[in-house]
Amino acid sequence: MFDNQQLINDDKEAVWHPYSSTNNPIDNYPVVSADGVRLTLADGRQLIDGMSSWWSTIHGYNHPVLNEAAQQQLSKMSHVMFGGLTHPQAITLCKTLVKITPANLDKVFLADSGSVAVEVAMKMALQYWLSQGINTKTKLLSLRNGYHGDTFGAMSVCDPVTGMHHLFEKSMPQHLFSEAPPMGFDRHFTEADIADFTHQLQQHHSTIAAVILEPIVQGAGGMRFYSPQYLARIRALCDEFNVLLIADEIATGFGRTGKLFACEHANISPDILCLGKAITGGYMTLAATLCSNRVAEGICSGEAGVLMHGPTFMGNPLACAIANASIDLLLDSPWQQTVANIEQQLLSALHPALAYDNVEDVRVLGAIGVIEMKHAVNMADITPKFVEAGIWVRPFGKLVYIMPPFIISDDDLHYLCSTLLSIIE
Ligand SMILES: *Cc1c(COP(=O)(O)O)cnc(C)c1O
């Protein structure tokens, strides 16, 4: 048995957690195991996971199929370098990704985390234009309320205000931002919605290498949903102004929004696509950057002749094996029906919150449910209440949101939503 209090104390002594203070450390809850949608804490309590460990554990925890894939691969080789060598799991994964992602994404660069996949995407775009002999296209155009990761390149295209990175402003490359898309998946799109974006492209296209955005769902920068027509229009404008389009589907990929990839809502293909989070079902860290043959050939016919990137753990076989098993598991399941069912339940279960005095908005898309409060949530106050009630939900700012594992049962989802509502009320 673990000593719960000892773990909490030891954790405070040496461990730095995401976006946290070591001067004023909080009690983090020690988790000792997890199974299905339940996390088991060191003190024996169980929590229904509403977060899928930040979008990733779509099949839940301790899944027999994923465990088996990991064990099989472990007994063969858990890692081997990727320079000059290759292996069957990476080959299978890359071929699968090319097949299941939108058209014209032909080449796959495996990376080790979402932020790195974004760095690689940005490098691809910059290198592409350099290779064409165009050295003026050095900027990215990003949308306000966007979030693309925490490394320096990725930070520089996050929303300068909600992206949590304004501290580093003076050390970061300066990119361009246009107004955020107006909210609403079903919103009737008009050209006025995209006027600022269009204006930026008209003004600056000769210096813009690529547009980078999260298709349909802006995640950590605001949990905002927007119209597929808006996305389709961006694709058209990028073509018109000779600018590449990078779609960051690190959060939205693998079914979360009701389509396998959110770009499918708008029937578009980006020139470059970033994947991560759910790619291994939340078992291992792995990400991927895909691009069209046009981009790949463009890059490789330039002065450098190669893409200038290569992480040590690139194409890690253990991660690739689990990704292959996770993608098969998803595609062999009735995932559209599953996600549609979760969406219906979220819609009816979260809707009553709209009547609460402290709630500004309730929105649902696919297996994502968002309650936007009128004021920022006090995390220190609300987190213990969630835990005492047996659910794991981690709000940020004014946003209380859930994106449960797809395997959640109707009863557990009902419990998660009703408990959440009674606490925020
Ligand atoms: C989480 C996220 C990232 C960063 O991924 P990490 O694995 O945390 O580096 C990038 N883009 C989007 C849209 C994300 O949700």
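This is a predicted model: local features need pLDDT of at least 70, side-chain atom pairs count only at pLDDT 80 or more; totals for chains, interfaces and linings use all residues.
Residues are numbered from 1 along each chain as its sequence is written, and side-chain values use heavy atoms, with hydrogens and water left out.

Helix 9 spans residues 293–300; helices (H or I, at least four residues) and strands (E, at least two) are DSSP runs, numbered from the N terminus. Its buried residues are Val295, Ala296, Gly298 and Ile299, where buried means under 20% relative accessible area, exposed over 50%, and partly exposed in between (1.4 Å probe, protein chains only). Viewed down the axis of helix 9, these residues fall within an arc of 165 degrees, so they line one face of the helix; the arc is that of the directions from the helix axis to the C-beta atoms. The elements covering them include strand 4 (107–111), helix 5 (114–131), strand 10 (244–248), strand 11 (272–275) and strand 12 (287–291), with contact meaning heavy atoms within 4.5 Å.

An unreviewed UniProt entry lists Gly114, Ser115, Asp248, Pro311 and Thr312 under "binding site". UniProt positions are given in the numbering used here, feature names are shortened, and annotations may be inferred rather than shown by experiment. The listed residues are spread over 199 residues of sequence and also in space, up to 22.8 Å between C-alpha atoms.

Two of these positions can be followed further. Ser115 lies in helix 5 and counts as buried because its relative accessibility is 16%. Beyond neighbours within four places in sequence, Ser115 contacts His148, Gly149, Asp150, Thr151 and Ala154. Pro311 belongs to the loop between helix 9 and helix 10 (317–331), and its relative accessibility of 16% means that Pro311 counts as buried. Residues up to four places away in sequence aside, Pro311 touches Phe109 and Asp112.

Elsewhere, three strands form an open antiparallel sheet in the order 13-14-16; two strands pair if DSSP finds at least two bridges between them. Strand 13 (359–365) and strand 16 (399–402) are the edge strands, each pairing on one side only. Strand 14 (residues 368–373) is joined to strand 16 by four bridges, and Gly369 stands opposite Ile402 in strand 16. Helix 13 (residues 410–424) lies across strand 13, strand 14 and strand 16, running at about 170 degrees to strand 16. Axes are lines fitted to C-alpha atoms, for helices over the stretch in contact, and angles run from 0 to 180 degrees between N-to-C directions.
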